[in-house]
Amino acid sequence: MNRYLSSALLLSVAWSTPALAKTQGVTVDGVAAVVNGDKAMARDRALDDAKRKAVEQVACSQVSAQPLTENIQLVEDKIYARASGFVRSYKIASEGEKDGVYRVTINAQVDEKAIADDLSLLFASKPRVLV
């Protein structure tokens, strides 16, 4: 019976403990053109742009410029394309449309560890990720 109680206690602690992800807070702007008066679509695209820029800012702080520029297409395909997955949370600081451009400013919490892990895999043959 003690063994079952110990197992249940361990499981409850494991489920209640938050993930130990290290996040970095960044503030970025995203922009998108308002096409055919569709502000909702422009807002969504501006949010996506802001998230990508938040991830890009964190990724650039972890990698020296040379491997990043040498492998920019690879980084764009593997990291920036999945930007929403790295942004753990965000709050909109400001947003609005002016002269056919929708602009949104967000305060985002970006998963630094997940980006570092993915960059390490990308640059496995040339380890240049800063720790």
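Predicted model: local features only at pLDDT ≥ 70, side-chain atom pairs only at ≥ 80, totals over all residues.
**Entry 1, the chain as a whole.** I looked up the secondary structure and found six helices and three strands in the protein chain. Reading along the sequence, I wrote the pattern down as α-β-α-α-α-α-β-β-α. I then looked up burial for the chain, and of its 131 residues 30% count as buried.

I turned next to H2, which covers residues 39-62 and has 24 residues. From its first C-alpha to its last I have a reach of 35 Å, which is close to the 34 Å expected at 1.5 Å a residue. At the start of H2 I found that a side-chain oxygen of Asp38 reaches to within 3.4 Å of the backbone nitrogen of Ala40.

Which residues of H2 are buried? My list has Ala42, Ala46, Leu47, Asp49, Ala50, Lys51, Ala54, Val55, Val58, Ala59 and Gln62. I also asked what covers them, and the answer includes E1, helix H5 (83-86), strand E2 (87-98), E3 and helix H6 (112-122).

The axes of H2 and H6 come within 10 Å and cross at roughly 60 degrees, and that makes H2 oblique to H6. The contact is made by Val55, Val58, Ala59 and Gln62 on the H2 side, and by Glu112, Ile115, Ala116 and Leu119 on the H6 side. I noted the handedness as well: H2 passes H6 in a right-handed crossing.

For H6 itself, I listed Glu112, Ala114, Ile115, Ala116 and Leu119 as buried.

I wanted to know where Asp111 sits, and its place is in strand E3. Is Asp111 buried or exposed? I have it as buried, because its relative accessibility is 5% and the cut-off for buried is under 20%. Asp111 also caps the N-terminal end of H6, with a side-chain oxygen 3.2 Å from the backbone nitrogen of Lys113.

I then followed Asp111 to Lys22, which is 89 residues away in sequence, although the two are 5.9 Å apart in space from C-alpha to C-alpha. Lys22 has its place in the loop between helix H1 (2-16) and strand E1 (23-33), and with a relative accessible area of 53% Lys22 is exposed. Leaving aside its neighbours within four places in sequence, I found Lys22 in contact with Val110, Asp111, Glu112 and Lys113.

Thr105 is found in strand E3, residues 101-111, and at 15% relative accessibility Thr105 counts as buried. A polar contact of 2.4 Å joins the side chains of Thr105 and Asp29. With neighbours within four places in sequence left aside, I wrote down Thr27, Val28, Asp29, Lys91, Ile92, Ala93 and Ser94 as the residues in contact with Thr105.

I took Lys91 from that list and looked it up in turn. Lys91 lies in strand E2, and Lys91 is exposed, with a relative accessible area of 63%. Again leaving aside neighbours within four places in sequence, I found Lys91 in contact with Thr105, Ile106 and Asn107. I also noted the C-alpha atoms of Lys91 and Ala108, which are separated by 6.5 Å, while these residues are 17 apart along the chain.

Where is Asn36 placed? I found Asn36 in the loop between E1 and H2, where phi of Asn36 is near 55 degrees, a positive value in a residue other than glycine. Asn36 is exposed, and its relative accessible area is 79%.

With a relative accessible area of 71%, Asp99 is exposed.

Terms used. Residues numbered from 1 in each chain as written. Heavy atoms only, no water. Helix = DSSP H or I, 4+ residues; strand = E, 2+ residues; numbered from the N terminus. Buried < 20%, exposed > 50% of the residue type's maximum accessible area, 1.4 Å probe, protein only. Contact = heavy atoms within 4.5 Å. Polar contact = N/O pair within 3.5 Å; in protein donor to acceptor, adjacent residues only side chain to side chain. Expected span 1.5 Å × (residues − 1). Axes fitted to C-alpha atoms, helices over the stretch in contact; angles between N-to-C directions. Parallel < 35°, antiparallel > 145°, perpendicular 65-115°, else oblique. Left-handed = near helix turned anticlockwise from the far one by under 90°.
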